[in-house]
Amino acid sequence: MGLFDRLRGKDHPRVAFIGIDGVPFTLLSEHPDEFPNFAALADEGSAGDIDSIVPPESSACWPALTTGVNPGETGVYGFQDREVGSYDTYVPMGRDVQATRVWDRVTDAGRKATVMNVPVTFPPQRNVQRMVSGFLSPGVDKAAYPDDFRDALSEMNYKIDVNAKLGHDDDKTAFMEDARKTLDRRYEAFERYIDQDDWDLFFGVFMTTDRVNHFLFKDYERDEQNKDAFMEFYRTVDDYLGRIRDALPEDVTLIVASDHGFTSLDYEVHCNTWLEENGWLSYEDDDHDSLSDIDEDSKAYSLIPGRFFINLEGREPRGSVPQSEYEDVRDELKAELEALEGPDGNKVADRVVIKEDAFRGDHDDIAPDLVVIPNHGFDLKSGFKGHDDVFGVGPRNGMHSFDNATLYVDDPGAVIEDADLYDIAPTILDLMDVEYSRTDLDGASLIQQ
């Protein structure tokens, strides 16, 4: 942005949104001395914890956050979705998002948007002045538009994502070095284009926070060996947030938010193994590794995270449960899931949500029949290769949570009480004076009129 724009401002208000994927609000709010820039943003604006969505998984959360509507409208329910009338599955990408993104509303209003590293946006859209897609993109060479932007990012050694496989090592040194490089390159790119572009909406996401949380969150929460490395990483996040805030012109409102919370992981729960052991799921042969291998005697199956489907006659290709028995069978499965306990005697499910209470819209035909929102400590897995035990331990020690997502708005007029992810898009539009129909969105603006 040029000096003249900084001094004069524009004729309409602008917003800079910075996403911090998977950062729980209490991590920031309980350490004001460690994270002074977040503390200042809370003191001078508004801040609070918000709820995520059902299910609290990044592939579903970011489409919901950026559209203001639920998965029944976006058409994206998780990292893996199933085809209508089939057992085939696919990984949803940007073109699978069926609802209108907040930056599309901005550009339709004649404004300009710069969009960087938002998950589930590949391939990059061409109706914004520039975009580099985030999580699930194959690489910068295909994920950035226009071409000169792609070339500039390549010269900067920009990284779309951290190498998560490094997090599987017992020694987290190489993983944290890679995470820091990814974070540094992201900040450098944000800093350049916040300053350079003539934008009305800047929308950028730090994804590396989620990656670090998956492999070090228990170290932080329970004072284990990698806590210092974890806190040092977040001090850098805080520093970068402060620099971004200082660089923004006065007519820009800064919003910082996460898509879900985080907590320590004690047990992985292999849901399809549990279904198999309890007579709900069976396979055509012993050599099974996908949903398409289930047989016609199966009554239910699961996809991550914690989504359960009745094998319904007429909906699934080999459906075994008649429509007349659907509600009774679903109620039975719901009751068994609610009763499931872990090795520590604690309930796995905080609650079990039926589809009608979570999803509505034109794309609810692939919605799960039940979604388990787990209690902290139980991470729900749904592979089809089979596991010897329902409960296990993997390389990760942190997991997503529905509660304790983060929202900061650099405006003391924002009221962050009983808010959730759906409220962010209408808040952005309200701050920017971009008109929208309130009935089109599931959320509501948090700005007091």
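Why are F230 and Y234 separated by about one helical turn? The two residues lie four apart in helix 11 (residues 227-247), and they are therefore separated by about one helical turn. The model is predicted: local features need pLDDT of at least 70 and side-chain atom pairs pLDDT 80 or more, whereas totals for chains, interfaces and linings use all residues. Residues are numbered from 1 along each chain as its sequence is written, and side-chain values use heavy atoms, with hydrogens and water left out.

**View 1. Aromatic pairs F217–F262 and F230–Y234.** The structure holds 25 aromatic pairs (Phe, Tyr or six-membered Trp rings with centres within 6.5 Å; planes under 30 degrees apart are stacked, over 60 edge-to-face, the rest tilted). The F217 and F262 ring centres are 5.7 Å apart with planes at 45°, so this pair is tilted. It links distant parts of the chain, 45 residues apart: F217 belongs to helix 10 (residues 208-221) and F262 to strand 10 (residues 261-264). Helices (H or I, at least four residues) and strands (E, at least two) are DSSP runs numbered from the N terminus. F217 has 1% relative accessibility and counts as buried, as does F262 at 2% (buried, under 20% relative accessible area; exposed, over 50%; partly exposed, in between; 1.4 Å probe, protein chains only). F230 and Y234 form a tilted pair, 4.9 Å centre to centre with 45° between the planes, and both are buried. Ring pairs join F35, F217, Y220, F230, F233, Y234 and F262 into a cluster.

**View 2. Arginine charges over the rings of W199 and F149.** The charged end of R14 sits over the W199 ring, 5.7 Å from its centre. R130 lies over the face of F149, at 4.8 Å from the ring centre. The criterion is NZ of Lys or CZ of Arg within 6 Å of the ring centre and within 35 degrees of the ring normal.

**View 3. Strand 19 (residues 405-409) and the strands that pair with it.** Five of the five residues of strand 19 are buried. In a regular strand, side chains alternate between the two faces of the sheet. Both faces of strand 19 are covered, with A405, L407 and V409 buried on one side and T406 and Y408 on the other. Strand 2 (residues 46-50) pairs with strand 19 in the antiparallel sense over five bridges, and S46 stands opposite V409. Strand 9 (residues 252-257) also pairs with strand 19 in the antiparallel sense, over three bridges, and I255 stands opposite V409. Pairing requires at least two DSSP bridges between two strands.
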